[in-house]
Amino acid sequence: MRTTVQFYITYFLAILLSVLCMIFVIYWNATWRGGFAWNGSTLQFNWHPVLMVIGLIVLYGNAVILYRIPVTWQGSKLPWKLLHAGLTFLAFIFAVIGLVAVFDNHNANRLSNVYCLHSWVGICTVSLFAGQWLLGLATFLFPWTPLELRQLAKPLHVWLGTSVFVMSLISSISGINEKLFFVLSGNSTEKYGDQPAEAIFGNALGVLIFIFGIIVLRILFNHSWQRPDGHPSEVTEPLLNGRR
């Protein structure tokens, strides 16, 4: 009982930080960066941090801890598997649109693509994410996948999923820092080093993402909060034929 209460307190903090991250990234780009558009301008670029934070941090972070929620341990696992797959797929769609936004903006303004460390890590993150999602789909949702292969792939799936999330944290925080350097370094009235309001707000967003990441990893690596092994609705349940 005490362990369950501790989990839900931690999970509530994760949900609260999820909402704060979304509010902060949208407010930052709507207030200081001028809003949003889809015309190749810097207003189109503003979609990039918003979609990446919502997709790779908020949606993906909540998807990876879904199976730690005790209510998901009861009854059929299939609905939760579908929800997990749906959340991660939606996160991937957000990430792809976010990449399109930045590439369109760079191409329209004749700027180089994929030249900085942030972009290298980001491309690696999305690429690994795509492979991880396809692996999970083929291994855990297709009914013809042998049970032995599922059991063999499960630790790899968990490890890759955690790796994608850690890489997403690195990509997001480095991207926020890089953006603040770019937009404030050339401003004669507000320098990043002078800590104007935008710099403080952007740094606060990075800290929120960092704390959210720590909480998600805490949930993932607490063995007492893991789904019990051998549960009746474990990974042996196939998707299409309803067999238990």
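Me: Is Pro-155 buried or exposed?

Reply: This is a predicted model, in which Pro-155 is placed in helix 6. Its relative accessible area is 53%. Because the exposed class begins over 50%, Pro-155 counts as exposed.

Me: What separation does the model give between the C-alpha atoms of Pro-155 and Tyr-27?

Reply: Pro-155 and Tyr-27 are 128 residues apart along the chain. The separation of their C-alpha atoms in the model is 38 Å.

Me: Is Thr-88 buried or exposed?

Reply: Thr-88 belongs to helix 4. Buried residues are those under 20% relative accessible area, and Thr-88 has 5% relative accessibility, so Thr-88 is buried.

Me: What distance does helix 5 reach from its first C-alpha to its last?

Reply: Helix 5 covers residues 117-141, which makes 25 residues. At 1.5 Å a residue, 36 Å would be expected. The distance in the model is close to that value, at 35 Å.

Me: Which helices do the buried residues of helix 5 pack against?

Reply: The buried residues of helix 5 include Gly-122, Thr-125, Val-126, Phe-129 and Gln-132. Phe-129 is also one of the contacts of Thr-88, a residue of helix 4. The buried residues of helix 5 pack against helix 3 (47-64), helix 4 (78-108) and helix 6 (147-185).

Me: How many disulfides does the structure hold?

Reply: A disulfide requires two cysteine sulfur atoms within 2.5 Å. Cys-124 is in no disulfide, since its nearest cysteine sulfur, that of Cys-116, is 12 Å away. For the structure, the number of disulfides is zero.

Me: What class of accessibility applies to Cys-124?

Reply: Cys-21 has a relative accessible area of 0% and is buried. Cys-124, by contrast, has 44% relative accessibility.

Me: Over which residues is the pLDDT below 50?

Reply: The mean pLDDT of the protein chain is 91, and 92% of its residues reach 70 or more. Among the elements, helix 3 has the highest mean pLDDT (98) and helix 6 the lowest (94). One stretch, with 12 contacts in the model beyond near neighbours in sequence, has pLDDT below 50: residues 238-244.

Conventions. Residues numbered from 1 in each chain as written. Predicted model: local features only at pLDDT ≥ 70, side-chain atom pairs only at ≥ 80, totals over all residues. Heavy atoms only, no water. Helix = DSSP H or I, 4+ residues; strand = E, 2+ residues; numbered from the N terminus. Expected span 1.5 Å × (residues − 1). Buried < 20%, exposed > 50% of the residue type's maximum accessible area, 1.4 Å probe, protein only. Contact = heavy atoms within 4.5 Å. pLDDT = per-residue confidence, 0-100. Lists of a residue's contacts leave out its neighbours within four places in sequence.
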